[in-house]
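Thanks for coming. Please have a look at it first.

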Amino acid sequence: VDADGTRVFDLRMQAGQSEFTPGTRTATWGFNRSYLGPTLRATEGEKVRVRVANTLPEESSVHWHGMHLPAAMDGGPHQVVPAGGSWAPEWTVAQPAATLWYHPHPHGATEAHVQRGLAGLFLLDDARSAALPLPRSYGVDDIPAIVQDVRLDGAEFDHGHQLMRNVGFLGERTMVNGTLDPYVSVGDELVRLRLLNASTARVYTFGLDDGRPLQQIASDGGLLEAPYATGRLRLSPGERAEVVVRMQPGERRVLRSYPLDAGLDFWNQRFGGGDDSFDVLQLRAQPTLRPSAPLPPALAASRLPTGEDSVRERSFDLRMSGINGRKMDMSRVDETVTRGTTETWTLRNEDGMPHNFHVHDVQFRVLDIDSAAPPPSLRGPKDTVFVPPGSTVRIALRFEGPADPGTPYMYHCHLLYHEDRGMMGQFVVA
Ligand code: C2O
Ligand code: CU
Ligand code: CU
């Protein structure tokens, strides 16, 4: 924290070497280290400044995924940091406690930069949620879990796209926080997992190996109104969820990812990774566990727009070939929204393959999926939503501003291969 109370972070984008399996070294990128980056943390109302230094051999950027901030601080493709350059965005945190993340966003190269290791968590806190009896000791009973799928070719990462895999890159095994075959030792009855799907294309369906429910407490942008017990939790690329697991003394449980049940046709199921399953993270309970307070029945009042005061409807036809028939153009503003208004956006996937939809700057409400109310998992704050093939998802978004008609924010499919190929558009708040 500097003299005027600003919380200052330093992030250095650097090339390095990682040892994922003993004795073999892989060339990777990271923030302040060789792979991934430090967890940043700030509180609602706090002013933050991040001093980004790019020591990589090429230009990149750092985007604050899920953060409400001025467009010029967003770190999208218009805020690239040249090789050897630096950038110091600052903003005031104006949103509730949440598990956000940061990653590069250079147009056309996002998939490659994220895959090399550039990603980290950005946790937000607020006074109200800090008073709730939730597990909150970072690394003890509050565990970050950055989930990625990888393919290793001997010592090296293999990032090649396989034939017929038009969803993008799919790995053969998963890592958590850059570790293969990960486990965490648990010493409390309740353990909170902050799950981030940081994979570039893979959709996970998380669940525990014994069928015990996960108690979901938060979605992308913060707490749900109440805990939701679910056997399966689907996260597409870029999405987050916080879940609480009740452990028994001495047991070993495995958080797994199960085959995808999303109505994909045979081809996309088979070649889009839908049939795959993984052991993602083992939870090893100690022989005696510290008692945890029971989960509170109510978590947070929703601050999401209801859509009743929506002033404008827009629709987005999602195809790998582009959104609404157009590929991303850095010099074209696709949509202009008015500061302080709510809009309703309709997202349609008639493409047969999985897509999702991410909007910068806002947390939105999922109004309905194929005209039905969304499951409780999707009723909390969202910035990224999976749009299954053949489905229509409606969302309500409120644009608080500030207005900056000259600087666009992005909306895009967060399957990064699709994004890089042009499945992205730009909007400004005017
Ligand atoms: Cu997580 Cu536009 O990105
Ligand atoms: Cu984003
Ligand atoms: Cu897509």
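Predicted model: local features only at pLDDT ≥ 70, side-chain atom pairs only at ≥ 80, totals over all residues.

Methionine 73 lies in a loop, the one that runs between β5, residues 63–65, and β6, residues 86–87. Is it buried or exposed? Methionine 73 counts as buried, because 20 C-beta neighbours fall inside 10 Å, and 20 or more is the cut-off for that class. Who are its partners? Leaving aside residues up to four places away in sequence, methionine 73 touches Pro89, Glu90 and Trp91. Histidine 63 is 10 residues away from methionine 73 in sequence, and the C-alpha to C-alpha distance between the two is 8.3 Å.

Next, the sheet. It is open, it has five strands, and its order is β15-β23-β22-β17-β20 with mixed pairing. At the edges are β15, residues 183–188, and β20, residues 233–235, each pairing on one side only. From one strand to the next, the twist averages 25 degrees. Within that order, take β22, residues 252–257, and β23, residues 278–290: they pair in the antiparallel sense, over six bridges. Valine 254 has glutamine 282 of β23 standing opposite.

The largest nonpolar core has 109 residues. Which residues have the most contacts inside it? They are Ala145, Ile146, Val147, Val191, Leu195, Val243 and Ile395. I'll pick out isoleucine 395. Again without residues up to four places away in sequence, isoleucine 395 touches Trp345, Leu347, Phe364, Arg365, Val366, Leu367 and Val385.

That's what I have.

Note on methods. Residues numbered from 1 in each chain as written. Chains lettered and ligands numbered in written order. Core = buried A, V, L, I, M, F, W, Y, C linked by C-beta atoms within 7 Å. Buried ≥ 20, exposed ≤ 12 C-beta atoms within 10 Å, placed from the backbone. Contact = placed C-beta atoms within 7 Å. Helix = DSSP H or I, 4+ residues; strand = E, 2+ residues; numbered from the N terminus. Pairing = 2+ DSSP bridges. Axes fitted to C-alpha atoms, helices over the stretch in contact; angles between N-to-C directions.
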